[in-house]
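Here's a quick briefing to read alongside the sequence and the 3D view. It starts with the overall layout and then moves to a handful of residues worth a look.

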Amino acid sequence: MDIQREEFELTFQKTSFCKNMVKSLENSDCPFTSVFEMRNGKYRSSYVQLSFEIWQAAKAQAVPEWIDYTKQSPRIDGRYQIFISGEQITADWQSPFGFSDPVEGEALIQDLISHWGMLPEPPKPQEPAND
């Protein structure tokens with residue numbers, strides 16, 4: 001099981017909604033054996049699947065997840081936020097070369113980088129008012 005699903009299930013189990021679902025399963029002829037039973041990579045219960053998708057969306061908009069650069073580097077070339085020498089900056093990643101300055105293109109000293117994370121989604125442009 002992936003870490004994200006495991007974290008969701010631990011959180012979801014604490015809700016009264018989940019506790020009520022478990023009671024309903026115990027008192028019915030429902031074909032599910034568990035609230036978290038899956039089929040084809042999705043939860044069989046549409047309520048649990050929808051809750052998982054909402055949880056994922058909310059988590060994606062929350063505080064960014066920082067990844068220890070000494071343990072894992074990005075897998076996809078692109079722009080990321082990094083911590084280097086205690087400062088948070090934006091940098092470009094290019095495998096196998098590492099992080100570089102996005103303006104100057106100069107390589108950054110990789111040993112000074114402690115963590116990296118995804119950049120948040122940019123704001124969506126506002127529609128002009130139709131007055």
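The chain has three helices and seven strands, and from the N terminus on they run α-α-β-β-α-β-β-β-β-β. Its radius of gyration is 21 Å, well over the 14 Å that the globule rule gives for 131 residues, so the chain is more spread out than a compact globule. Keep in mind that this is a predicted model.

**Confidence**

- Averaged over the chain, pLDDT comes to 84, and 91% of the residues score at least 70.
- Helix α2 (residues 16–26) is where confidence is lowest, with a mean of 77.
- Strand β6 (residues 98–100) sits at the other end, with the highest confidence at 94.

**Overall dimensions and surface**

- The C-alpha trace spans about 65 × 55 × 25 Å along its principal axes.
- Of the 131 residues in the chain, 24% are buried.
- The accessible surface is about 10100 Å², and carbon and sulfur atoms hold 53% of it.
- Take the contacts with a separation of 6 or more: 47% of them are between residues 24 or more positions apart.

- The largest nonpolar core has eleven residues: Phe8, Phe12, Cys18, Met21, Leu25, Val35, Phe36, Tyr43, Val48, Phe52 and Trp55.
- Helices α1 (3–12), α2 and α3 (46–61) each bring at least two residues to this core.
- Another core lies apart from that one; it has ten residues, including Ile82, Ile84, Leu108 and Trp116.

**Arginine 5, a charged residue to check**

- Arginine 5 belongs to helix α1.
- Its relative accessibility is 13%, so arginine 5 counts as buried, the cut-off being under 20%.
- A polar atom of the arginine 5 side chain lies 2.9 Å from the backbone oxygen of glycine 41.
- Leaving out residues up to four places away in sequence, arginine 5 touches Met38, Gly41, Tyr43, Gln49 and Phe52.

**Lysine 42 and glutamate 37**

- Lysine 42 is in strand β2 and is partly exposed, at 46% relative accessibility.
- Beyond residues up to four places away in sequence, lysine 42 touches Glu37, Gln49 and Glu53. Gln49 is also among the residues that arginine 5 touches.
- Lysine 42 and isoleucine 76 are 34 residues apart in sequence, and their C-alpha atoms are 26 Å apart.
- Glutamate 37 sits in the loop between α2 and β1, and with a relative accessible area of 18% it is buried.
- The side chains of glutamate 37 and arginine 44 make a polar contact at 2.6 Å.

**Glutamine 81**

- Glutamine 81 is in strand β4, and at 7% relative accessibility it counts as buried.
- Its side chain reaches the backbone oxygen of methionine 118 at 2.8 Å.
- Glutamine 81 and proline 120 are 39 residues apart in sequence, yet 9.1 Å apart in space, C-alpha to C-alpha.

- As background, most residues other than glycine have a negative phi, and most peptide bonds are trans.
- Asparagine 40 has a positive phi of about 55° despite not being a glycine. This residue is in the loop between β1 (38–39) and β2 (42–43), and asparagine 40 is exposed, with a relative accessible area of 76%.
- Serine 85, another non-glycine residue, has a positive phi near 50°. You'll find serine 85 in the loop between β4 (78–84) and β5, exposed at a relative accessible area of 53%.
- Serine 95 and proline 96 are joined by a cis peptide bond, with omega at about 5°. Proline 96 falls in the loop between β5 (87–94) and β6.

Methods: Residues numbered from 1 in each chain as written. Predicted model: local features only at pLDDT ≥ 70, side-chain atom pairs only at ≥ 80, totals over all residues. Heavy atoms only, no water. pLDDT = per-residue confidence, 0-100. Helix = DSSP H or I, 4+ residues; strand = E, 2+ residues; numbered from the N terminus. Core = buried A, V, L, I, M, F, W, Y, C linked by side-chain atoms within 4.5 Å. Buried < 20%, exposed > 50% of the residue type's maximum accessible area, 1.4 Å probe, protein only. Polar contact = N/O pair within 3.5 Å; in protein donor to acceptor, adjacent residues only side chain to side chain. Contact = heavy atoms within 4.5 Å. Rg over C-alpha atoms; globule rule 2.2 N^0.38 Å. Areas by Shrake-Rupley, 256 points an atom, 1.4 Å probe, with all protein chains shown as cover.
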